[in-house]
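Welcome! Take a moment to look over the sequence and turn the model around before reading on. The notes below will walk you through it one topic at a time.

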Amino acid sequence: MPAVIIRYSGKGWPAVFYFFGALGMIWFPFWVLLTFNEPEQHPYISEAELNYLQENQAERQKKKKAPPAPWGHILASKQFWAFVMALAGCDWAYFTMASDLPKYMSNVVKFSIEDNGYLSALPYLCMWFSTLISSWLSNKILERGLISRTNVLKLLASISLMGPGLFMIGASYAECDQLMVVVMFIIGMSLMGTSYPSIMVNNLDLSPNYAGTLMAIGNSVAALGGIMTPYIVGVFTPEQTIHEWRRVFWIVLIINVLSNIFFLFYASGEVQEWDSPDFLRSKNKAAAKEVSGDEAITEKPKSIITVDLESARF
């Protein structure tokens with residue numbers, strides 16, 4: 001999109017910022033007028049949609065106000081760390097492509113600036129279509145009960161983690177075959193689209209009540225890839241040769257393989273027990289009873305000693 005705006009607007013780079021700034025200004029009033037905290041507050045919601053949301057919230061135990069985030073249970077959860085690892089691995093591949101694909105297309109494959117803009121955007125368009133198709137497909141599989149939610153999650157996550165790394169490697173071995181390189185990157189990024197109905201929503205599977213907390217931690221870890229990948233590309237590709245870039249793509253594949261292995265072992269598509277307000281409240285009550293019991297035990301000998309001393313006076 002920026003390449004098209006620069007080419008046909010006649011205003012150069014400033015037109016890109018004006019265009020997207022104007023889109024944000026147009027979007028904002030709709031957000032203010034159409035966004036509400038609760039479905040019941042929305043004036044335009046249909047009865048069928050409201051009933052669906054209320055039933056889904058009941059299933060996810062959203063009726064009760066959740067206690068503060070159970071940090072100890074979250075940080076001790078292997079399922080949570082599987083989500084974080086997969087998110088970090090997926091984002092590592094994404095940031096490598098987002099930051100450096102135009103550079104690779106220009107310096108290695110020798111596309112012109114104009115062609116580079118179009119061809120670098122094409123994989124992301126295909127990824128968008130892949131996201132829509134895989135989301136629809138995963139819902140159909142779950143509706144028919146063909147495989148469990150956890151297995152659907154692992155299947156799509158494995159595709160999104162392994163596919164991009166393998167096809168990046170394939171693109172590097174295609175060397176300067178422009179058509180093959182473009183095809184490889186398109187397939188790789190299309191497969192990454194399956195991360196959206198799997199990895200990107202796994203925090204909602206694990207904990208509807210604390211999904212924001214889980215995503216905040218996961219995104220913080222995964223964002224390190226956005227910091228590190230440009231630096232690694234700069235270190236490993238000083239001469240911008242295809243052999244140097246191949247090492248960068250191998251790093252992506254290794255990180256994705258390790259992330260995928262961890263995810264396959266520990267990931268879950270089911271709500272964790274520590275998400276339930278009842279579970280947390282019962283834990284708190286049990287802890288309070290244990291503390292009060294300990295205090296009673298420590299106080300009891302004192303009363304016995306007092307009685308003995310008073311009886312001794314007589």
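**A buried ring and its surroundings**

Phe185 counts as buried, because its relative accessibility is 1%. Tyr104 is buried too, at 0% relative accessibility. Please keep in mind that this is a predicted model.

**The whole protein**

- The protein is built with 13 helices and zero strands.
- Of its 314 residues, 36% count as buried.
- The accessible surface comes to about 18700 Å², and carbon and sulfur atoms make up 66% of that.
- Take the contacts between residues at least 6 apart in sequence: 78% of them join residues at least 24 apart.

**How confident is the prediction?**

- The average pLDDT of the protein is 84, and 83% of the residues score at least 70.
- Residues 303-314 are a stretch to treat separately: their pLDDT is below 50, and beyond near neighbours in sequence this stretch has zero contacts in the model.

**Aromatic pairs**

- How many aromatic pairs does the structure hold? There are 13 of them.
- Tyr104 and Phe185 form another edge-to-face pair, with 5.6 Å from centre to centre and 85 degrees between the planes.
- Why does the pair of Tyr104 and Phe185 tie together parts that are 81 residues apart in sequence? Tyr104 belongs to helix α5 while Phe185 belongs to helix α8, so their pairing links those two parts of the chain.
- Ring pairs also join Tyr104 and Phe185 with Trp245 and Phe249 in a cluster.

**Helix α12 and its cover**

- Helix α12 runs over residues 242-266, which makes 25 residues.
- From the first C-alpha of α12 to the last, the reach is 36 Å, close to the 36 Å expected at 1.5 Å a residue.

- Thr96 sits in helix α5, which spans residues 78-107.
- Is Thr96 buried or exposed? Thr96 is buried, because its relative accessible area is 3% and the cut-off for buried is under 20%.
- Leaving out residues up to four places away in sequence, Thr96 touches Leu101, Thr229, Val248 and Val252.
- Arg246 is found in helix α12, and it counts as buried at 11% relative accessibility.
- Which ring does Arg246 lie over? Arg246 lies over the face of Tyr173, at 4.0 Å from the ring centre.
- Tyr173 is one of the residues that Arg246 touches; the others are Ile169, Ser172 and Glu175, again not counting residues up to four places away in sequence.

Definitions and conventions: Residues are numbered from 1 along each chain as its sequence is written. This is a predicted model: local features need pLDDT of at least 70, side-chain atom pairs count only at pLDDT 80 or more; totals for chains, interfaces and linings use all residues. Side-chain values use heavy atoms; hydrogens and water are left out. Helices (H or I, at least four residues) and strands (E, at least two) are DSSP runs, numbered from the N terminus. Buried means under 20% relative accessible area, exposed over 50%, partly exposed in between (1.4 Å probe, protein chains only). Contact means heavy atoms within 4.5 Å. The expected span of a helix is 1.5 Å times one less than its number of residues. Rings of Phe, Tyr and Trp (its six-membered ring) pair if their centres lie within 6.5 Å; planes under 30 degrees apart count as stacked, over 60 as edge-to-face and the rest as tilted. A charge sits over a ring if NZ of Lys or CZ of Arg is within 6 Å of the ring centre and within 35 degrees of the ring normal. Accessible areas come from the Shrake-Rupley method with a 1.4 Å probe; for residues, only the protein chains shown count as cover. pLDDT is the predictor's confidence in each residue, from 0 to 100.
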